[in-house]
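Student: I would like to learn how to read charged pairs and helix packing in a model such as this one. Could we go through it step by step?

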Amino acid sequence: QAGIGKTQLLVYTALDRLLAGDAVLHVAVRESVATVRDAYDSILAGLYMASSPGERAEAMLGVERRRVIHSTRGGAVDVAKLLSLLETVSDIMDMRPQLVVVDGQAPQAADLPALRALAAAHGVGIWFAWTPDVGETAVGDVVLELAYSNDSLWLRPIKGPAHEAVRVPRGGDARAPAEERFAEQVVRSD
């Protein structure tokens, strides 16, 4: 479903890794770099709302130093493009991302072996988020569905480690403990 929060879920996932000290490459297919950066800044500001200005500034600086946002401006992302981006980030910025997020495009079944090889060769997890077409079969090792049901937003595992669906908290309750455990298990399953 469009507008349900896929980008925000990717940003939360990326921020979790960034705040743990990992580097992240965020590839946006439809959004501009400025729009994606605003999503990070807004969520990070909410997470550090109760912190001192110094702590908040330190967190924001750390995120900026370990994050690269690339917008394809509607262009498709294939394995060769991801490899090129990883090599460019490594060569020019001396940064080796541990997580790549691709927002706005589904992985293709034919690309899965090459994506797995790329992930293994570069030591990265690769997450995709997209709005599926009706009847589309999602591909990947772990597939999660973000869906609105019964007046709540739910994150449901479709494929991968067996877990129950979790309700996504609203408002200032950024992450509930059950959701944190679920996210960690999914991240570690790469």
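Tutor: A salt bridge is a side-chain nitrogen of Lys or Arg within 4 Å of a carboxyl oxygen of Asp or Glu. In this predicted model, the side chains of Asp16 and Arg17 form one, with N to O at 3.4 Å, and Asp16, Arg17 and Asp22 are linked in a network of salt bridges.

Student: How many salt bridges does a search of the whole structure find?

Tutor: The search finds five. Among them is the pair of Arg37 and Glu64, whose side chains meet at 3.9 Å, N to O; since Arg37 lies in helix α2 (residues 33-47) and Glu64 in helix α3 (residues 53-66), the pair ties together parts that are 27 residues apart in sequence. Glu64 also forms a salt bridge with Arg67, where the closest N and O atoms are 2.3 Å apart.

Student: Is Arg67 buried or exposed?

Tutor: Buried means under 20% relative accessible area, so Arg67, at 6%, counts as buried, whereas Glu64, at 37%, is partly exposed, and Arg37, at 33%, is partly exposed as well.

Student: At what angle do the axes of helix α4 and helix α5 cross?

Tutor: The axes of α4 (residues 79-93) and α5 (residues 112-122) come within 10 Å and cross at roughly 15°. Angles under 35 degrees count as roughly parallel, and α4 and α5 are therefore roughly parallel to each other. Val79, Leu82, Leu83 and Leu86 of α4 make the contact with Ala114, Leu115, Leu118 and His122 of α5, which by class gives seven nonpolar, one polar and no charged residues.

Note on methods
Residues numbered from 1 in each chain as written. Predicted model: local features only at pLDDT ≥ 70, side-chain atom pairs only at ≥ 80, totals over all residues. Heavy atoms only, no water. Axes fitted to C-alpha atoms, helices over the stretch in contact; angles between N-to-C directions. Helix = DSSP H or I, 4+ residues; strand = E, 2+ residues; numbered from the N terminus. Parallel < 35°, antiparallel > 145°, perpendicular 65-115°, else oblique. Contact = heavy atoms within 4.5 Å. Nonpolar A, V, L, I, M, F, W, Y, C, P; charged D, E, K, R; others polar. Buried < 20%, exposed > 50% of the residue type's maximum accessible area, 1.4 Å probe, protein only.
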